[in-house]
Amino acid sequence: MYRKRNRSRRDVLKATAGMAAVATAGTLMPWQVGRAASLTVGFIYVGPKDDYGYNQAHAEGAAALRSIEGVTLVEEENVSETVDVQKSMESMINFDGVTLLFPTSFGYFDPHILALAPGYPDLRFQHCGGLWTAGQHPTNVGSYFGYIGMGQYLNGIVAGHATTSGKIGFVAAKPIPQVLLNVNSFLLGARSVDSSITCQVIFTGEWSMPVKEAEATNALIDQGADVVTCHVDGPKVVMETAAGRGAWLCGYHANQAPLAPAQYLTGAEWNWAKVYQDMVAATLAGGTIDNFVRGGLAEGFIKMSPLGPAVSETARNHFEVARAEIMQGGFAVIRGPLKDNRGNVVAADGQSFAETDVALERMDYLVEGVIGSTS
Amino acid sequence: MTAAAVPGTPDAAFDRSLAAARRHGEAVIVPLGALVAGLLAFALFLGIVGRSPAEFYGLVYQAAYGSTFAWENTLARTAPLLLAALCTALPARLGMIMIGGEGAIVLGGVAAGIFAMLYPALPGVLGIGGMVAVAALAGGTWIGTIGFLRHLRGVNETIASLLMAYVAIALMNHLVEGPFRDAASLNKPSTAPLSDGFRIGTIPGLDVHWGLAIGIAACVLCWVLLERTTWGFAARIVGGNVRAAQVQGLPVGRLMVGFSVLGGACAGIAGMIEVAAVHGAANASLAAGYGYTGILIAFLARHHMLAILPVATLLAGFEAASGLVQRRMDLPDATVLVLQGMVFVALLAGEALHGRLAWFRAPGRQ
Amino acid sequence: MMPAEPDLGLWGVPLAILGGAIRVSTPFLFVSLGECLTERAGRVNLGLEGTLVLGAMTGYGAACESGSPWLGVGAAALAGALFGALHGILCRLPRVNDIATGIALMLLGIGLAFFLGKPFIQPVAPDLPAIPFGWWSESPRVRAALNVNVLFLMGCGLAVALAWMFRATRVGLTIRVVGDSSDAARAMGARLHTVRLLATAAGGALAGVGGAYLSLYYPGSWNEGIASGQGLMAVALVIFARWHPLRCLGAALLFGGAGALGPALQAVGLTQGYHLFYAAPYVLTLGLLVATSSPARALAGAPGELSISR
């Protein structure tokens with residue numbers, strides 16, 4: 001006690017400042033001993049973490065990092081794609097000592113991550129879905145995504161076997177490449193069963209708008225669709241509404257089987273846990289992450305929900321054969337001869353776009369058989 | 001009362017200035033007291049849900065006002081709110097309650113984005129000046145139409161502005177996804193990226209864009225307009241009593257439409273600044289809710305143009321702190337909404353105290 | 001799973017609008033009836049959007065915990081009544097503006113609902129029951145469109161009851177007098193503040209029930225995007241319903257039906273400019289608002305004490 005009282009004011013200030021610095025840099029991690037490898041990782045979500053969809057898939061992936069020793073996870077949800085996200089990233093950097101960031105919404109990339117990254121050359125910004133281009137974008141930015149369209153193709157196969165009306169439905173948020181690829185893949189999967197099947201798409205215009213999603217689902221079923229899938233941030237409402245109307249369901253983003261176990265056929269799910277664990281392990285080991293990372297079923301970036309009880313034996317076999325083929329890599333859903341629904345050729349006879357083809361990430365058409373328009 | 005001062009003596013002069021100070025003080029001290037009451041109510045709420053209010057307010061201070069970065073965070077969020085608040089505050093001075101500033105913001109942003117897309121080669125000031133002009137025109141026309149309908153047909157401006165905001169957002173989505181979509185914008189439908197000459201940079205020495213300075217200037221100019229010009233004087237009469245204004249022969253209709261246009265133009269410019277300083281193109285991110293926060297600020301500032309500045313800084317500070325509170329205390333992001341709601345309710349309830357506290361009344365007139 | 005049936009084609013659109021009108025209109029109906037009651041007593045509650053969201057959360061949470069959707073509806077009504085009463089008490093204070101208070105309570109209601117509703121986003125609550133009025137039809141679409149929720153029917157009944165109350169009962173007369181002229185109400189011996197407080201609380205309760213419909217029936221789950229301005233829109237509907245409960249019903253149905261237009265048109269292949277179709281209900285309401293407003297200062301049918309019509 002005596003010594004403490006005798007400390008000069010400057011010492012006290014120094015000590016407090018030091019404590020503050022340590023606190024902000026994260027000594028909140030008691031297991032961090034000496035110079036053992038440690039890493040603070042920051043995740044930013046555009047919506048709530050528990051939306052049964054896009055954000056939940058990422059949050060579950062992030063949660064899987066908690067098991068890795070030396071990793072501290074900080075998260076922020078409902079961050080809009082404005083100056084907010086730039087400041088949220090900087091706040092994580094300044095107050096929490098985050099050195100690896102995962103801003104997960106597509107809209108965070110340009111301009112927000114691109115504006116911030118050059119000022120923090122020692123930090124790493126990992127973005128989901130963006131098209132990182134060498135020479136054009138900062139080298140401490142990376143983009144990663146999965147070939148989820150393959151999952152929608154497999155969804156389509158099961159849907160093609162399940163439909164009796166020959167019409168399947170898709171509730172979509174916006175006519176953008178990622179969504180269009182999913183819609184096209186879903187129909188082409190179904191057409192690999194029966195080439196007369198059509199797919200009706202309804203755009204809600206928003207990533208999360210429950211009443212519109214429910215109305216869109218009802219409208220699809222009113223027009224005769226008997227299998228429904230979707231690409232919106234939270235598929236819960238679409239699944240529950242379609243189940244209530246007696247339609248079959250194909251899931252998206254995460255496993256929605258618990259919402260309607262009897263009618264859920266299968267679903268295309270993200271498997272971010274593996275992706276994030278790999279990236280964090282590489283960083284902890286002192287390695288680097290590639291700037292442009294993509295993967296599909298074979299690489300474990302995506303997975304399929306277990307097939308539901310209503311899936312027929314024929315459908316099951318067809319599904320397994322197609323999945324095995326996709327697992328070998330280089331599978332092409334878009335292959336010629338193929339026209340879009342306005343009659344333009346999108347793939348000539350003999351031409352094909354493998355899952356790895358970056359051209360697919362610029363898709364601006366709906367294939368023949370999809371009822372809907374891209375604008 | 002005991003030392004009844006004789007007029008003309010130094011004592012009387014002192015008493016008069018003291019009385020004036022007390023009257024002015026009331027306008028500051030009562031809202032401040034209400035603010036503290038609101039913060040205390042929220043502390044109680046946190047206590048009930050089992051969280052430490054001290055830790056919460058400590059984090060808010062640290063994240064919003066505790067360092068240079070914290071101030072930059074707060075001020076960057078303040079910038080769009082100033083102009084957005086004017087869109088509600090200006091018409092409110094004439095007794096019109098506009099809650100559709102969001103619509104003028106998105107349309108101003110889209111108009112600016114389209115202008116930059118159509119005339120990418122305009123040199124220097126012409127580019128930015130042109131964007132300001134089209135954004136002000138778009139926003140001004142939108143809100144001005146509402147003022148016009150109110151004057152011409154007695155259409156309720158609160159409801160009409162709300163409806164028009166929904167229509168504006170749909171129109172914005174249609175334009176950026178349809179006719180003015182840049183093919184390269186891929187998964188985030190946008191107009192073409194602005195060329196460098198159209199961008200607005202940051203204020204030197206501060207990591208905040210020039211929109212903040214424009215917002216402050218706009219608030220000051222609007223204050224001058226209202227308090228120091230005959231137009232403003234006429235507007236305040238209309239706001240006080242429309243019939244009296246009509247009897248005096250004031251151009252009530254022109255004033256209503258004029259102030260609506262001005263408010264809408266401010267919101268339109270806010271959208272243009274978002275495009276030119278933050279997004280670099282017009283897209284759906286423009287509908288970020290600044291218009292709705294602006295309503296809140298205008299009401300909290302009691303539609304006083306200069307009071308908008310501190311109120312906006314306060315609310316932006318709460319929002320700047322939201323992230324750190326989420327991360328450190330594991331509280332949901334809606335925590336800040338509850339805090340804002342409680343502070344707002346307390347400030348409104350505080351209005352009831354105006355003119356009721358004996359201390360603020362001039363001595364001698366009790 | 002479904003019997004094959006001839007394609008309804010374009011005939012699907014009116015059917016979808018009918019079905020949509022019934023499904024989507026209920027929250028508008030309850031909130032607008034609540035606002036109608038409140039405004040007839042001379043007060044505006046712009047905060048019913050917040051009450052709606054709070055009701056949706058409370059209803060869903062209570063239904064999850066208790067297993068009974070009707071207890072959920074009751075809890076939502078109670079939460080709404082408390083919020084309405086808070087509005088009433090605040091507005092009673094001198095110099096307190098009811099529009100501003102409404103905006104403040106909207107913010108607080110939404111904030112509390114999001115804050116307290118986090119644990120209820122994932123669980124599945126039991127749904128409210130519906131009555132199959134389409135039993136006579138072979139077509140599953142007709143049957144689905146005519147699957148009418150009990151709350152909608154209660155809302156219709158309530159509209160009739162309120163209309164009758166305003167026209168023929170002493171309570172209704174008192175509310176109307178209080179809303180039209182404070183002086184007349186005092187002369188009549190009505191307890192001005194009590195009547196307004198009760199009307200505001202009852203209006204809040206109805207808005208809470210509207211919220212419970214959203215989370216417990218259609219779309220039938222609790223999340224932060226569940227309400228998209230229905231509470232605010234309902235306030236607009238009251239104005240062009242001219243403060244008449246039966247016209248509130250008509251306005252709610254019209255608005256709900258117009259909301260179903262967007263998806264229905266896309267379903268028959270009209271997809272270009274879909275954002276503009278989605279704006280149809282707002283344009284329609286605005287058009288009606290402009291058409292029915294009168295250049296004279298006081299709106300026909302408006303309660304005289306109302307701040308937004310003065």
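Buried means under 20% relative accessible area, exposed means over 50%, and partly exposed is in between, using a 1.4 Å probe and protein chains only. This is a predicted model, in which local features need pLDDT of at least 70, side-chain atom pairs count only at pLDDT 80 or more, and totals for chains, interfaces and linings use all residues. Residues are numbered from 1 along each chain as its sequence is written, chains are lettered from A and ligands numbered from 1 in the order in which they are written, and side-chain values use heavy atoms, without hydrogens and water.

Salt bridges come first. The term covers a side-chain nitrogen of Lys or Arg within 4 Å of a carboxyl oxygen of Asp or Glu. Over all chains, the count is 22.

Take B:R327 and A:E76, with N and O 2.7 Å apart. B:R327 lies in helix 12 of chain B and A:E76 in strand 2 of chain A, so this pair joins two chains. Helices (H or I, at least four residues) and strands (E, at least two) are DSSP runs, numbered from the N terminus. B:R327 is buried at 12% relative accessibility, and A:E76 is buried at 5%.

A:K274 is partly exposed at 32%, and A:D278 is partly exposed at 42%.
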